[in-house]
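Welcome! Take a moment to look over the sequence and the fold before reading on.

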Amino acid sequence: IDNLHLIPYFSQLIEGLLRLPGAHDGLTVRAAPFDFRYTPPSKQSSQYFTRLKGLIEETYELNAGVRVSLVTHSMGGLITSTFLHTVTQQWKDKYLHSWISLGGVFGGAVKLVKALASSGVIDYIPDFVTNRFKFREVARTVMANYFLLPRSPTWSKDETLLQTPNRNYSLGNLDALFNDMGYPLGVEKWRAVGGSAYIGDPGVTTYCFNGRDVATAAGYVYRNQADFPDTVPGTMWGTGDGTVEDRSLQVCHSWPSTQHVYEYSGKARGGHDEILRNAAVIDQIAKIISQEEYSRADDFNKSVACNSVDEGLNGS
């Protein structure tokens with residue numbers, strides 16, 4: 001736990017929300033972080049959904065029946081879309097005002113292929129500084145890394161995700177990738193979570209924020225078979241927010257419940273993590289959650305829930 005507040009994740013957004021009239025930390029702005037070692041359909045995720053549902057209901061009651069807005073980032077978007085599929089439309093209509101998604105990894109991210117095959121989740125740190133294979137070992141135990149792999153229909157079954165001289169790997173033969181990289185247990189883990197995410201229309205008024213026009217991994221290539229999988233592969237580039245490709249970020253653009261899409265070009269404004277610190281994004285979110293829904297309260301008795309991919313879900 002970051003008791004010293006050295007990690008700025010979500011901090012600027014939370015500070016922006018707390019400047020709104022009537023906002024109170026722990027009352028109108030609340031958090032619901034999740035443990036990314038576990039994902040649906042695990043028992044831990046089911047327990048988390050139960051607690052999240054209870055937090056939303058409690059926040060609604062504490063704030064005189066003012067409906068809650070959920071704010072999520074990255075994997076938090078995928079967790080939230082799956083959670084919203086577990087509750088009734090009647091419940092959503094009563095308790096939720098809106099859902100604000102930032103950089104949602106709805107269709108998965110190719111970056112996780114490299115994390116599991118070669119280098120763990122830490123990029124660009126030389127092996128003499130840290131042991132990349134130790135990071136890979138840890139990465140292979142974290143279920144979120146399988147939950148966030150590219151998924152159908154955002155990716156077709158024959159699109160190459162990783163290429164070697166002997167074989168190309170895609171969603172159609174991902175089992176072979178795990179076996180060939182010497183980690184057959186990955187097959188079981190991927191199958192356990194592969195069909196557990198829900199990315200259909202959420203049934204809640206939704207606002208989608210994402211970056212664009214940033215070079216983003218679209219696939220990986222090993223030129224020499226002997227290098228697979230223990231060296232870092234070359235990257236085939238596409239575009240997105242630097243972590244998530246456009247097609248995955250834009251899944252929410254086509255939902256009937258999506259009221260508005262906000263896109264920010266370039267890494268400084270729309271990078272996967274940078275978008276959380278973009279002052280224009282923070283201002284727009286504040287406008288959304290303080291619109292006419294809350295004008296019926298004497299103060300801004302607002303419940304916000306923040307949610308994320310890299311760390312977990314946050315509820316406010």
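Predicted model: local features only at pLDDT ≥ 70, side-chain atom pairs only at ≥ 80, totals over all residues.

## A sheet of four strands

Let's begin with the strands. Four of them make up an open sheet, in the order E5-E4-E7-E8, and their pairing is mixed. Strand E5 (168–169) and strand E8 (234–240) are the edge strands, each pairing on one side only.

Strand E4 (residues 162–163) runs antiparallel to E5, and two bridges join them. Within this part of the sheet, Leu162 has Tyr169 in E5 as its bridge partner.

Across the whole structure, a search finds 15 aromatic pairs. One of them is Tyr48 with Phe49: the pair is tilted because the ring planes stand at 55 degrees, with the centres 6.2 Å apart. Tyr48 and Phe49 are both buried.

Another tilted aromatic pair is Trp91 with Tyr95, at 5.2 Å centre to centre and 40 degrees between the planes. These two residues sit four apart in helix H4 (residues 89–95), so about one helical turn separates them. Trp91 and Tyr95 are both buried.

## Charges over rings

Two arginines can be found over aromatic faces. Arg151 lies over the face of Phe147, 5.7 Å from the ring centre. Arg247 lies over the face of Trp155, at 4.3 Å from the ring centre.

Conventions
Residues numbered from 1 in each chain as written. Heavy atoms only, no water. Pairing = 2+ DSSP bridges. Phe/Tyr/Trp six-rings, centres within 6.5 Å; stacked < 30°, edge-to-face > 60°. Buried < 20%, exposed > 50% of the residue type's maximum accessible area, 1.4 Å probe, protein only. Lys NZ or Arg CZ within 6 Å of the ring centre and 35° of its normal.
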